[in-house]
Amino acid sequence: MSWTFAPDFDAASCAALEAGKPVIYLAPPAAWAVRPLLGRIPADTAAGLGTLILAPERLQAAEIQVEATAIPALAPVRLAAGLERTGRLVRAGRARTLVATASTAFGLLGRSALDLSNLRRVVVCWPELHAALDSGADLDALLREARDAQRIIVTSHDTAAGDFVTRYAHRAPAIMAGTVPESPLPPVRVAIVAGTGLERAVEQALDRLAPDSVFIWDASVAGAHRWLTHAGQADVRYGAEIGEPAVQLAVAIDLPSAQALEALQRVAHEVLVLARPSQLGYLRALVREATPLSVTGEVDRARDWREELRRTVRQRIASGGCDASLLALGPLFDEFDPALVAAALVEAETPQQDAAASPDMPLWAHLHLNIGRRDNVRPGDIVGALLNAVGIPKEHVGRVDLRDTFSLLEVRAESAEAARRGLAGVTLRGRSVSARFDRK
């Protein structure tokens, strides 16, 4: 028995799409699940921007842009990356479809770089996540400006965005592309990763779990090229269609629908889902239990350190305050390659571990969180998110200092970056969490 994703577009929904009337599309918060809907949008004959797709987060916007680019009727598809550049592309008529977050689109509107009066349709992806990320006001403002455009609402559950659907798509036909099951599915493992770290996360997971046979489920348009490193390996296969033969481990590199997850559990002894922080709530609604698995290793931490170093150097160069240092280093540039001089300076500035320090003495980092007592958050909520949502070991979590409007959190240094990235987008007491290192 095999499974493929094929939503049922009935006559009423197809007629509404063709006529430019509101439509509701129920699907899990994953870009791959939106592609069948985008493929049903009629091709625009008029020039200029015709379709605006609003995603809750920049990562989701980028993933949706990849899916939409594969649909000729929507081309050219642009991702709103930078207000000035995007404004120039839209004004020049070089974007028939624009994918953006609500805040970015609102910024373009404020610069008069986005004319919504002639827009033919707006696709709002998961308004319930917009509300959780405090971009609901921007979303409402954009829809007021595009009052004559068709509204296509993508939501993960018919009640999750009830008020929004009532305002903008009342009594519209609904396309059931994926719903939450009445009874939870069996437990799965879950790892929280960013989209750019999927390949590394898979390698880390396979190293840790050491399965005899693996199926990598990837329903995105990029899936055909993403797993070339596994091509030819007898114990690893990948694809969007789920079928026999059975495997020990199935890895879903994005949030699956309930139906896809059921199919994966039929062919695999164990299922691991690589989810984004904003998808964790939906996954928990699908299963009885989601056991966290950490896929961050030493290589990831080294890569993060190098990226932080490059970012710091770029900022210092951009500030223009290096003239005196250039004069001092000038004679060295005559003796050595400038790249070697720069590397030596980095080594000189990098703190070295004290050889006399006890190797058993843990080093702690401090994170600054944007939630505090006024959000009715308790220390146990933060610790629970670290243990369950992020997968940080209990012994790596230190003191939680709650203040009125923020919190300070102690985390073992080796888990600090994973905690910072994993907490981003997690919702506690109705508030989306953001975390940064507290340098003080």
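Six strands form an open sheet in the order β10-β9-β11-β12-β8-β13, and the pairing in it is parallel. The strands at its edges are β10 (236–239) and β13 (290–292), each of which pairs on one side only. This is a predicted model. A further open sheet has 4 strands and antiparallel pairing, and the second largest pocket holds about 450 Å³ of space.

**The sheet of 6 strands**

- From one strand to the next in the order β10-β9-β11-β12-β8-β13, the twist averages 25 degrees.
- Strand β11 (residues 247–252) and strand β12 (residues 268–275) are paired in the parallel sense over 5 bridges.
- Within this pairing, Leu249 has Glu270 of β12 as its bridge partner.
- Helix α11 (residues 258–267) lies across β8 (188–192), β9 (214–217), β11 and β12. Its direction is at about 140 degrees to β12.

**The sheet of 4 strands**

- The strand order here is β15-β16-β14-β19, in an open sheet with antiparallel pairing.
- β15 (397–402) and β19 (435–437) stand at the edges with a single partner strand each, so one side of each has no neighbour in the sheet.
- Neighbouring strands of this sheet are turned against each other by 25 degrees on average, direction ignored.
- The antiparallel pairing of β15 with strand β16 (residues 407–412) runs over 4 bridges. Val397 has Val411 in β16 as its bridge partner.
- Helix α16 lies across β14 (364–369), β15 and β16, and runs at about 145 degrees to β15.
- Helix α17 (residues 413–423) lies across β14, β16 and β19, and runs at about 135 degrees to β16.

**The second largest pocket**

- The volume of the second largest pocket is about 450 Å³.
- The pocket is lined by 25 residues, and those closest to its centre are Pro277, Ser278, Leu280, Gly281 and Thr427.
- Elements that give two or more residues to the lining are α6 (127–132), α12 (280–286), α16 (379–390) and β17 (427–428). One of them, α16, also lies across strands β14, β15 and β16.

**Aromatic pairs**

- The count of aromatic pairs comes to 5.
- Phe5 and Trp32 form an edge-to-face pair, with 4.8 Å centre to centre and 75 degrees between the planes.
- Phe5 lies in the segment before α1 (11–19) and Trp32 in the loop between β1 (23–26) and α2 (35–39), so the pair ties together parts that are 27 residues apart in sequence.

**Backbone details**

- Most residues other than glycine have a negative phi, and most peptide bonds are trans.
- The peptide bond that joins Ala75 and Pro76 is cis, with omega at about -5 degrees. Pro76 lies in the loop between α3 (58–69) and β3 (77–79).
- A cis peptide bond also runs from Glu244 to Pro245, with omega near 5 degrees. Pro245 belongs to the loop between β10 and β11, and both of these strands are in the sheet of 6 strands.
- Asp134 is not a glycine, yet its phi is positive, at about 65 degrees. Asp134 is found in the loop between α6 and α7 (136–145); α6 is among the elements that give two or more residues to the lining of the second largest pocket.

Definitions and conventions:
Residues numbered from 1 in each chain as written. Predicted model: local features only at pLDDT ≥ 70, side-chain atom pairs only at ≥ 80, totals over all residues. Heavy atoms only, no water. 1 Å grid on protein atoms, 1.4 Å probe; cavity = no way out; pocket = protein on both sides within 12 Å on 5 of 7 lines; lining within 4 Å. Points joined across faces, edges and corners; volume = space filled by probe spheres on them. Pairing = 2+ DSSP bridges. Axes fitted to C-alpha atoms, helices over the stretch in contact; angles between N-to-C directions. Contact = heavy atoms within 4.5 Å. Phe/Tyr/Trp six-rings, centres within 6.5 Å; stacked < 30°, edge-to-face > 60°.
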